[in-house]
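Visitor: Could you walk me through this model, one question at a time?

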Amino acid sequence: MNIAIVGTGYVGLVSGACFAEMGIDVTCVDIDNAKIEKLLNGEIPIYEPGLEDLVARNVRQGRLHFTTSLSSVIDNCDIVFSAVGTPPDEDGSADLQYVLAVAREFGQNIKKYTVLVTKSTVPVGTAQKVKQAVEDELRKRGEDIAFDVASNPEFLKEGAAIQDFMNPDRVVVGVDTDRARKVMTRLYRPIMLNHFRVIFTDIRSAEMIKYAANSMLATRISFMNDIANLCELVGADADMVRKGIGADTRIGRKFLYPGCGYGGSCFPKDVKALIKTAEQNGYPMRVLRAVEEVNESQKRLVFDKLVKALGGELKGKRIAVWGLAFKPETDDMREAPSLVVIQLLLEAGCTVRVFDPIAMDECKRRIGDVVEYAKDMYDATLDADAMLMLTEWKQFRIPSWGVLQKSMRNALIIDGRNIYDPQEMEENGFEYHCIGR
C-alpha cells in the first residue's frame, strides 16, 4: 500500500514515520521547501522522543520519502492524508484554508480511485466542504473519477506520540461508503492484528469525537483546578481529594492533577473551536466557556502567589523559572502557562532567568532576549529571589536542596505543578507554596 501525507508538522511527520515502520510506503509532502530540505538531510523540525531514529531508519530502508509535490506521487497512492494546520481564526473558529487547499490539489491531480483522509482536527461538516472542493476541481477538468473522503482524527500525546500511534487504545475512522471502509481497514489491520480497535463511524461523528475528547480532558483539568483553589480556602488537601475521587471507577485517576493550567496545540484551540461551532448552530456551550475561563485565570495563579509571598514588591526582583514547554517531553510552547507568567513578571519589573531542558530555542524564537537564558537548572536560580516551577520535567523532581539554598538569595519556591512535598520543603528551609495544599 502507498500513501501520501500532506503536512510535515507534528501529526503528519509522526504519522508518516509510524506508517512507514508498519511496512507501508509513505511520502510526506510539504510546500515548505526549507523544511523538506532539512528532512532530506536528516534534520527533524520538532522534538519528540524516538522520532529522529524512527525517521532515519525508515528513510534508510526506503519506506519513507519527502517531497514538495503531491502531484508527483499521487498516481501511486491509495490514500492521501491531509495533516495540515487548522489554526484558530480571530473569532476562535478553525481556519480551513489549508485543508481546502489540499482538497483542491487532490481534485486537480487524481487519475484513479483514491481516498482523501482528513487527519487534521476540523469542525463538524468539514468533510462535506472537502468533498465539494474536490468535485469542483474534477468538474473543471471535465473528469468523472471516483473518490471518497474520510475522517481519521489523531489522538497523539506529545512526548508519547510514537507509542500512542503504534499501540492505540482506539482508532476512529469516519466513512460514508463500504469501499472507503475496506481501504481504511486494510491500512490499519497490521497494527491491530491482536485486537482490531478501529471504531468506524459516520464522518460527522468522527469529526465531533476529536473535539469532544479534548474538551472532556480540558474540562477535567479545569474542574480539578477549581476544586484545588477551593481546597486552599477551606483547608483541604487537593492531592488527597484527587486520590479519593480518582479511586471511583466511574471517574478514574487521569487528568485530575491540579496545576497552573493547560496549554499546547490541542486543548485551547479545540475548546475554542467547539464553542464556536456551537455558536454557529445557535447553542451556547456553557460548561466549556467555564472551562476556558478557569484555565485562563489558572495560568496567572503562580504569579499571584508570588506577589503575595513577596508582599507585593516585585520590581527589581530576580525570578528563576524552571520549565517553559506546556508539558514535559516536548518543546511545544503554544499557549504555555510560562508565556503568561513571564509576561506578568516582566510587566512587574522583574529580571527573569529561565531554564528548560528542550524548549530554550523555542522560547528564544517566541520572545527573544527579554529574559536571561541559563545554562542549567541551578544556573537559573543564581541570586534568585524566588523560583517558579512551571513544567514537571523529571530532572526537576529531586533537585539538590543544598545547592539551591546556596545559589538562591531567598529560599522561596512557588510550585505550579505540585511535584514537591511540603513537609520536605519545610525541613530543607524553603518557603514553599503550591496549588490546593
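Visitor: Which residues in α1 are buried?

Guide: Happy to start there, bearing in mind that this is a predicted model. Helix α1 covers residues 10-21 and reaches 17 Å from its first C-alpha to its last, close to the 16 Å expected. Eleven of its twelve residues are buried, so α1 is largely enclosed by the rest of the structure. The buried ones are Tyr-10, Val-11, Gly-12, Leu-13, Val-14, Ser-15, Gly-16, Ala-17, Cys-18, Phe-19 and Ala-20.

Visitor: How many of the residues of strand β5 are buried?

Guide: Let's take the two faces in turn. On one side of β5, Thr-114, Leu-116 and Thr-118 are buried, and on the other Val-115 and Val-117 are buried too. In general, side chains in a regular strand alternate between the two faces of the sheet. For β5 (residues 114-118), the strand is largely enclosed by the rest of the structure because the buried count is five of the five.

Visitor: Which residue of β5 stands opposite Val-80?

Guide: Good one to look for in the sheet. Strand β4 (residues 79-82) runs parallel to β5, and four bridges join them. In β5, the residue opposite Val-80 is Leu-116.

Visitor: And which residue in β6 does Val-117 stand opposite?

Guide: β5 also pairs with strand β6 (residues 147-151), in the parallel sense and over five bridges. Together with helix α5 (residues 126-141), β5 and β6 make a right-handed β-α-β unit. The residue in β6 opposite Val-117 is Ala-150.

Visitor: How many disulfides does the count come to?

Guide: A disulfide is a covalent bond between the sulfur atoms of two cysteines. Buried Cys-77, at 2% relative accessible area, has its closest cysteine sulfur in Cys-28, 11 Å away and too far for a bond. Cys-260 is buried as well, at 0% relative accessibility, and its sulfur lies 12 Å from the closest cysteine sulfur, in Cys-434, again too far. With sulfur atoms required to be within 2.5 Å, the count of disulfides is zero.

Visitor: Which residues do salt bridges that share partners join into one network?

Guide: One link is the salt bridge of Arg-353 with Glu-372, whose closest N and O atoms are 3.0 Å apart. This pair links distant parts of the chain, with Arg-353 in strand β10 (residues 351-355) and Glu-372 in strand β11 (residues 372-373). Through shared partners, the salt bridges join one network of Arg-318, Arg-353, Glu-372 and Asp-379.

Visitor: Finally, which residues does Asn-295 touch, not counting residues up to four places away in sequence?

Guide: Asn-295 is found in helix α11 (residues 286-298). Its relative accessibility is 1%, so Asn-295 counts as buried. Leaving out residues up to four places away in sequence, Asn-295 touches Ser-222, Gly-261 and Tyr-262.

Definitions and conventions: Residues numbered from 1 in each chain as written. Predicted model: local features only at pLDDT ≥ 70, side-chain atom pairs only at ≥ 80, totals over all residues. Heavy atoms only, no water. Buried < 20%, exposed > 50% of the residue type's maximum accessible area, 1.4 Å probe, protein only. Helix = DSSP H or I, 4+ residues; strand = E, 2+ residues; numbered from the N terminus. Pairing = 2+ DSSP bridges. Right-handed = clockwise from strand over helix to strand, strands pointing away. Expected span 1.5 Å × (residues − 1). Contact = heavy atoms within 4.5 Å. Salt bridge = Lys/Arg side-chain N within 4 Å of Asp/Glu carboxyl O.
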